[in-house]
Amino acid sequence: MKILVTGGAGFIASHIVDAYINAGLDVFIIDNFSTGRRENVNPKATLIEMDINDEKVDELFKKEKFDIINHHAAQMDVRFSVDNPGFDAATNILGSLNLYESAKNHGVKKIIFASTGGAVYGEQDYFPADENHPTRPCSPYGIAKLANEKYLFYYKEVYGIDHVALRYVNVYGPKQNPHGEAGVVAIFINKMISGSQPIINGDGLNTRDYVYVADVVKANLLALNENVSGIYNVATGIEHDVNFIFRTLKELTKSDCKEIHGEAKAGEQRRSVCTSGKIYKEHGWKPDVLFNEGLSKTVDYFKKNLR
Ligand SMILES: NC(=O)c1ccc[n+]([C@@H]2O[C@H](COP(=O)([O-])OP(=O)(O)OC[C@H]3O[C@@H](n4cnc5c(N)ncnc54)[C@H](O)[C@@H]3O)[C@@H](O)[C@H]2O)c1
C-alpha cells in the first residue's frame, strides 16, 4: 500500500511514518520544513520537499497513485492563527484543498486527517466532550480544522473518498518542538533541564487532556483499516492543570527552578477534556500510556536530545 504522509518531518507525523514503515507500507512524505526537522525524517521513506500549496502536488499524485493520504502538515499554533488568520487559512484550508483535489483527481481511496479536540469544540458545555458536543471554535485554527472535516464529508458524499478525522487533544512526547508557543510539556522540560526558568501563564489552573504520541500513532494505524471511517476523538478523558504538570516535571527533571506565574494569555480556554468512548466502543482504541509514565519517557528523551 502506498501512502503519503504530509508533515512527516514534524513531531507527530514523524512517529506515524516510523510506524507505517514498520508495518511494511510504502511511505512518501511531503514537508516544507517550516517547523519540521531533517533528523526526524525516516530514511526508508521517500521525502519530497514541497509545500502542500504547490501546484506540483497534482503531478506528484498523478505519478505516484497514492492509496491513502495521511494529512498532518499544518500551521499548528493557535495563537499564531489569531494574529495571522489569512496565513493560517492559506495553509490549513487552501493547502488541504490542494491535496484533496489531487486526491480526487488521482484515485486516492482514503484521507486520514489530524483534527483537534479542544479547538474544534471551544468552551465546553459538558465534560468530557464527545463527538456530538457542539462545535464552536473560537480561533482561526479551530475554524480551519472544522472546515477540513466539512470538506472531507463533501469529498466522501460527492466523490466517494473515505476519511477518518482524528480529533486529538494535546499531544506530547519525544520530538515535540520545545521552542514553540504550544506544547507546554516540551517547553517546561527543555527549560528545566537547560537550567532556565519556565513561566506559568496566569494561575496555572487551566486544564487540558494530554495524550502520549505513541497512543496517537496507534490511532493512525487503526485508521488504515477499511472499517474505520468518520470522526473520532483521540483523548484520555482525564484533565490536568498546568501547575500539576510543572510540579511533576520539576520532580522528574530534579530542577531547582521556582514556580513563577506570569500574565494570563487572553482568550485561553479554561477547561478542555474529551472522551474517546466512541473509538473504544467501535474499534477498541484506548490510551495505553498513563500521564506520569508518558512525562517520564519524555523527560528521558529530552535529557538525551536537548535542543
Ligand atoms: N501537537 C498537538 O498537540 C496537536 C493537537 C491536535 C492536532 N494537531 C495537529 O497535528 C498535526 C501535526 O502537529 P505537530 O504537533 O506534529 O506539529 P509540527 O509543527 O511538528 O508538524 C507539522 C509539520 O508540517 C510541516 N508543514 C507545515 N506547513 C506546511 C506546508 N505548507 N507544506 C508542507 N509541510 C508543511 C512542518 O514543517 C512540520 O514538519 C497538525 O495538523 C496539528 O494541527 C496537533
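Two residues are in contact here if their C-beta atoms, placed from the backbone, lie within 7 Å. Helices (H or I, at least four residues) and strands (E, at least two) are DSSP runs, numbered from the N terminus. What you're looking at is a predicted model, where local features need pLDDT of at least 70, side-chain atom pairs count only at pLDDT 80 or more, and totals for chains, interfaces and linings use all residues. Residue numbers start from 1 along each chain as its sequence is written.

**View 1. Around the ligand.**
The ligand sits among 29 residues, and the closest are Gly 7, Gly 10, Phe 11, Gly 36 and Ala 74. For this count, a residue is near a molecule or strand if its C-beta atom, placed from the backbone, lies within 6 Å of it. Which element gives the most? That's H1, with three residues. Sorted by class, the shell has 13 nonpolar, 14 polar and two charged residues. In this sorting, Ala, Val, Leu, Ile, Met, Phe, Trp, Tyr, Cys and Pro count as nonpolar, Asp, Glu, Lys and Arg as charged, and the others, Gly among them, as polar.

**View 2. Helix H1 and what covers it.**
Phe 11, Ile 12, Ala 13, Ser 14, His 15, Ile 16, Val 17 and Tyr 20 are the buried residues of H1. A residue is buried if 20 or more other C-beta atoms lie within 10 Å of its own, exposed if 12 or fewer, and partly exposed in between, with C-beta atoms placed from the backbone. The cover over these H1 residues includes strand E1 (2-6), E2, strand E4 (68-71), E5, E7 and helix H8 (213-222). H1 has twelve residues, so at 1.5 Å a residue it should span 16 Å; its end C-alpha atoms are 18 Å apart, which agrees. The expected span of a helix is 1.5 Å times one less than its number of residues. After H1 comes Gly 24, with a positive phi near 90 degrees.

E1 is mostly covered, with four of its five residues buried. E1 and E2 run parallel, joined by five bridges, and Val 5 stands opposite Ile 29 in E2. Strands pair if DSSP finds at least two bridges between them. E1 also pairs with E4, again in the parallel sense, over four bridges; there the partner of Val 5 is Asn 70. E4 is covered on both faces: Ile 68 and Asn 70 are buried on one side, Ile 69 and His 71 on the other. E4 then connects to E5 by four bridges, running parallel, with His 71 partnered by Phe 113.

**View 3. Helix H6 and its packing.**
H6 (residues 140-159) has 20 residues and reaches 27 Å from its first C-alpha to its last, close to the 28 Å expected. Among its buried residues are Pro 140, Tyr 141, Ile 143, Lys 145, Asn 148 and Leu 152. What do the buried residues of H6 pack against? The partners are H3, H4, E5, helix H5 (118-121) and strand E6 (162-168). Just after H6, Gly 160 takes a positive phi of about 75 degrees.

**View 4. Strand E9 between two partners.**
E9 (residues 207-212) is mostly covered, five of its six residues being buried. E7 joins E9 through three bridges, and the two run parallel; Asn 170 stands opposite Tyr 210. E9 also has three bridges to strand E11 (residues 239-241), this time antiparallel, with Thr 207 opposite Asp 241.

The chain splits into domain 1 (2-170 + 210-234) and domain 2 (175-209 + 238-273 + 289-304), with bounds that come from an automatic or database domain assignment. Their C-alpha centres lie 25 Å apart. The contact takes 23 residues from domain 1 and 17 residues from domain 2. On the domain 1 side, H1, helix H3 (78-83), E9 and H8 each supply at least two residues, and H3 gives the most, with four residues. That side has twelve nonpolar, seven polar and four charged residues.

**View 5. A look at Ile 187.**
Ile 187 belongs to helix H7 (residues 184-194). Why does Ile 187 count as partly exposed? Because it has 18 other C-beta atoms within 10 Å. Setting aside neighbours within four places in sequence, Ile 187 is in contact with Pro 178 and Pro 198.
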